[in-house]
Amino acid sequence: MSRLTFLYQMDLPHRAVAVYTYLYDRANKNGECWPSVNKIAGDIKLSPATVRRAIKDLRNAGFVTTLQRYREHVGKSNLLFEICRI
């Protein structure tokens, strides 16, 4: 049985399940990853707006936390995603 079986039993939109699976697959041993929204969208064939909605769904459900990262003298960088231990 998959470690993600619980996810399929939740009342989440399909977009959120797809994005969570993507993030889970790419997370390091600490449960962190930092792909861009555009990278996620391109890899799983969703629009960037749909990916942003999915991320919001996942944050609201408590499955991920996000932290905005910044580059010195440049501004915003990719989000840091942390997969919450369920």
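Student: Which residues does D57 touch, not counting those up to four places away in sequence?
Tutor: D57 touches L12, P13, R15 and A16. Contact here means heavy atoms within 4.5 Å. Keep in mind that this is a predicted model, where local features need pLDDT of at least 70, side-chain atom pairs count only at pLDDT 80 or more, and totals for chains, interfaces and linings use all residues. Residues are numbered from 1 along each chain as its sequence is written, and side-chain values use heavy atoms, with hydrogens and water left out.

Student: OK, and where is D57, and is D57 buried or exposed?
Tutor: D57 sits in helix α4. Helices (H or I, at least four residues) and strands (E, at least two) are DSSP runs, numbered from the N terminus. D57 is buried, because its relative accessible area is 18%. Buried is under 20%, exposed is over 50%, and partly exposed is in between, using a 1.4 Å probe and protein chains only.

Student: What does α2 meet α4 with?
Tutor: From α2 you get R15, A16, V19 and Y20. On the α4 side they meet T50, V51, R53, A54, I55, D57 and L58. The residues of that contact divide into 7 nonpolar, 1 polar and 3 charged. Nonpolar covers Ala, Val, Leu, Ile, Met, Phe, Trp, Tyr, Cys and Pro; charged covers Asp, Glu, Lys and Arg; the others, Gly among them, are polar.

Student: At what angle do the axes of α2 and α4 cross?
Tutor: Roughly 85°, and the axes come within 8 Å. So α2 is roughly perpendicular to α4, a label for angles of 65 to 115 degrees. Axes are lines fitted to C-alpha atoms, for helices over the stretch in contact, with angles from 0 to 180 degrees between N-to-C directions.

Student: New topic: which residues of the largest nonpolar core touch the most other members?
Tutor: Out of 21 residues, those are L12, V19, Y20, L23, I40, V51 and L58. A nonpolar core is a set of buried Ala, Val, Leu, Ile, Met, Phe, Trp, Tyr and Cys residues joined through side-chain atoms within 4.5 Å.

Student: Which element gives the largest share of this core?
Tutor: α2, with 6 residues.

Student: And which residues of α2 are buried?
Tutor: A16, V17, V19, Y20, Y22 and L23.

Student: Last one: where is K45?
Tutor: In the loop between α3 and α4. K45 is exposed, because its relative accessible area is 70%. K45 also has a positive phi, near 60°, and is not a glycine.

Notes
Parallel < 35°, antiparallel > 145°, perpendicular 65-115°, else oblique.
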